[in-house]
Amino acid sequence: MTIKRSSKPSWLNCFKNQEHVPKIEKTLEPHNSMKRRSTYIDSVSLMQSKDVSDSLPGSNLYVFTLAELRVITQSFASCNFLGEGGFGPVHKGFIDDKLRPGLKAQPVAVKLLNLEGGQGQREWLTEVVFLGELRHPHLVKLIGYCCEDEHRLLVYEYMPRGSLESQLFQRFSISLPWSTRIKIALGAAKGLTFLHEAKNPVIYRDFKTSNILLDSDYTAKLSDFGLAKDGPEGDDTHVSTRVMGTHGYTAPEYLMTGRLTASSDVYSFGVVLVELLTGRRSMDETRPHREQNLAEWARPLLKRATKFNRIMDSRLEGQYPETGAQKVAELAYQCLNRRPKERPTMSMIVDTLEPLTNFDDTSFGTFVYVAPTVVECSTNKTSKDGHKDINEHHHRQHDGKHNRTKSPVVYCETNLQKNPSVRTSSPE
Ligand SMILES: Nc1ncnc2c1ncn2[C@@H]1O[C@H](COP(=O)(O)OP(=O)(O)OP(=O)(O)O)[C@@H](O)[C@H]1O
Ligand SMILES: [Mg+2]
């Protein structure tokens, strides 16, 4: 087995075997000496060169072969299937300590780019560039990637409690206690603060419950940097860009104008806060028309102390502190302000949430913890050559246990409001 640590940007060799062989761009600088990661991604996406391998010297990612990832995931066995979004299926795997010197034995999550899907190579590249560089306790760790022929995979640290989306909305799971919800909100807020206040700030652009992953102790980590953008430079107040994001989470001014700011993330954060308060999804077409868009429905109710109790998640069974919940409702209201400049910054949000973390749920009664079900991998479906079709998930329906309502991700111009379920893969 040959697994190389990518002291060099060997992910760029991915283009070697492609029809459109990238061309050398002699003037290309290493991305971390370039201020603009997004510019770098643009240039690489357009490049006609197969020798840009000195462009990512700072990357500390491992490069895996497809064969190795097959071993790690037991040939992408369905019992290891964790979920699937617009990018493609995600499988659990296990790396042993012999795989690479310095890489400890650990469970991992392997995400496979769906070659037929809309999100595409550019997002894979964006994820590698952003997450290869950014490290923080509230960002999921990208361990490495695989780039072989047309295959594109990403290998992350495994997050045992999956996504906030599944924890909050799964019908048969127990309800998340109030203190856990605040812990998750605070962790995610710290992750966004880190991005917004970085030396070269980042706008995350896809903040939502399915992109908040949870460690065993419910530490929240942001995943999915495929839509991330560099923040505005110098005196610029915003980045002008095509509207991309997820319906129900996207800030209205960004939706209308394509002007992206850190405040757009703050708006999305406000939507997630409302989801945590109410236990309702950001978009829910099964509800009466005026309740389908959570932010629009909840906003007027959040600011009235007499009304906000009516929207609280009934699964909390009243087990939350009245004043603490009121403060969170107020905070959500501010985040959802129509005027982006009047929204709080992420660090102000952290300061507001921090004092709300010391609530004792047990003061209301006994909290029963139900361990998640572990599915044993007894059989592996393999092909004649011993390999399971890694694209199998693209062609079949998942069985019930993996089903979830997918958020309609939108990658198109301002027709977002008109057709929330549109998916396109058009590059920016
Ligand atoms: N590092 C990880 N550890 C554990 N589970 C993960 C990990 N990454 C992803 N998953 C699981 O895989 C599911 C699919 O993740 P993915 O990020 O591909 O899509 P999504 O966020 O659900 O949808 P979208 O494409 O809209 O972002 C997640 O909801 C989560 O349950
Ligand atoms: Mg995701």
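1. Asparagine 211 is buried, with a relative accessible area of 2%; buried means under 20% relative accessible area, exposed over 50% and partly exposed in between, using a 1.4 Å probe and protein chains only. This is a predicted model, in which local features need pLDDT of at least 70 and side-chain atom pairs count only at pLDDT 80 or more, while totals for chains, interfaces and linings use all residues. Residues are numbered from 1 along each chain as its sequence is written, chains are lettered from A and ligands numbered from 1 in the order in which they are written, and side-chain values use heavy atoms, leaving out hydrogens and water.

2. The magnesium ion (ligand 2) has Asn211 (OD1) and Asp224 (OD) as its protein donors, at 1.8 to 2.0 Å. Donors are N, O and S atoms within 2.8 Å of the metal (3.2 Å for Na, K and Ca); water is not among the atoms, so sites may look incomplete. Asparagine 211 sits in the loop between strand 8 (202-203) and strand 9 (212-214), and aspartate 224 in the loop between strand 10 (220-222) and strand 11 (229-230), so the pair ties together parts that are 13 residues apart in sequence. Helices (H or I, at least four residues) and strands (E, at least two) are DSSP runs, numbered from the N terminus.

3. Glutamate 157 belongs to strand 7 (residues 151-157) and is buried, at 17% relative accessible area. Its side chain makes a polar contact with the side chain of lysine 221 (3.3 Å). A polar contact is a pair of N or O atoms within 3.5 Å; within protein, one must be able to donate a hydrogen and the other to accept it, and residues adjacent in sequence count only if both atoms are side-chain atoms. A polar atom of the glutamate 157 side chain also lies 2.8 Å from the backbone nitrogen of lysine 141.

4. In helix 8 (residues 294-302), the buried residues are Leu294, Ala295, Trp297, Ala298, Leu301 and Leu302. They cover an arc of only 160° around the axis, which puts them on the same side of helix 8; the arc is that of the directions from the helix axis to the C-beta atoms. Their cover includes helix 7 (262-278), helix 9 (305-311) and helix 10 (322-335).

5. Methionine 312 lies in the loop between helix 9 and helix 10 and counts as buried at 8% relative accessibility. Leaving aside neighbours within four places in sequence, methionine 312 is in contact (heavy atoms within 4.5 Å) with Trp178, Leu277, Thr278, Tyr320 and Ala325.
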